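Please look over the sequence and the structure shown here, and then follow the walk through one part of the chain below.

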Amino acid sequence: MTTRVKLKPGQKGTKKLLAQYGDALVCVRYRYDVERRKQSKTVEITVSECDWTPPPAKYPDSALVPLRIGFEEKHLQEQAKAVGGRWDREQQVWFVRYGCIAGTKLEKLIILKTLKNA
């Protein structure tokens, strides 16, 4: 199934659903299944809402974090260099500021122990 159209409340194609669900309506999607030759209309609604406090960050943005990047992973090494990362030959890891890699693929490569603090 592919989604071709995603409409916000109030746009053409959502008026009846907006009247039915009111402020709970988040969006309306029109999805198409080529194999079955079917069109589906889906509705996203808010069913509950409560206060939430995000968890604290693991590292401050300015903290240097060690990354384990393999020798053959040249593309990842280039990404680390591009954000100011440095290779530490002794520990065999890259050091990069956390704020530069937060939310990227590189963030998943952070290691907890290096050779010096193992």
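**A glutamine and a strand**

The backbone oxygen of F71 lies 3.2 Å from a polar atom of the side chain of Q77, where a polar contact is a pair of N or O atoms within 3.5 Å, one able to donate a hydrogen and the other to accept it within protein, with residues adjacent in sequence counted only if both atoms are side-chain atoms. This is a predicted model, in which local features need pLDDT of at least 70 and side-chain atom pairs count only at pLDDT 80 or more, while totals for chains, interfaces and linings use all residues. Residues are numbered from 1 along each chain as its sequence is written, and side-chain values use heavy atoms, leaving out hydrogens and water.

Q77 sits in helix α2, residues 74–82, helices being DSSP runs of H or I of at least four residues and strands runs of E of at least two, numbered from the N terminus. With a relative accessible area of 11%, Q77 is buried, that is, under 20% with a 1.4 Å probe and protein chains only. Leaving aside residues up to four places away in sequence, Q77 touches I69, G70, F71 and W94, contact meaning heavy atoms within 4.5 Å.

β5 and β6 form a hairpin with four residues between them, and Q92 in the turn has a positive phi of about 60 degrees. Four of the five residues of β6 (residues 93–97) are buried, so this strand is largely enclosed by the rest of the structure.

Conventions
Buried means under 20% relative accessible area, exposed over 50%, partly exposed in between (1.4 Å probe, protein chains only). Two strands pair if DSSP finds at least two bridges between them.
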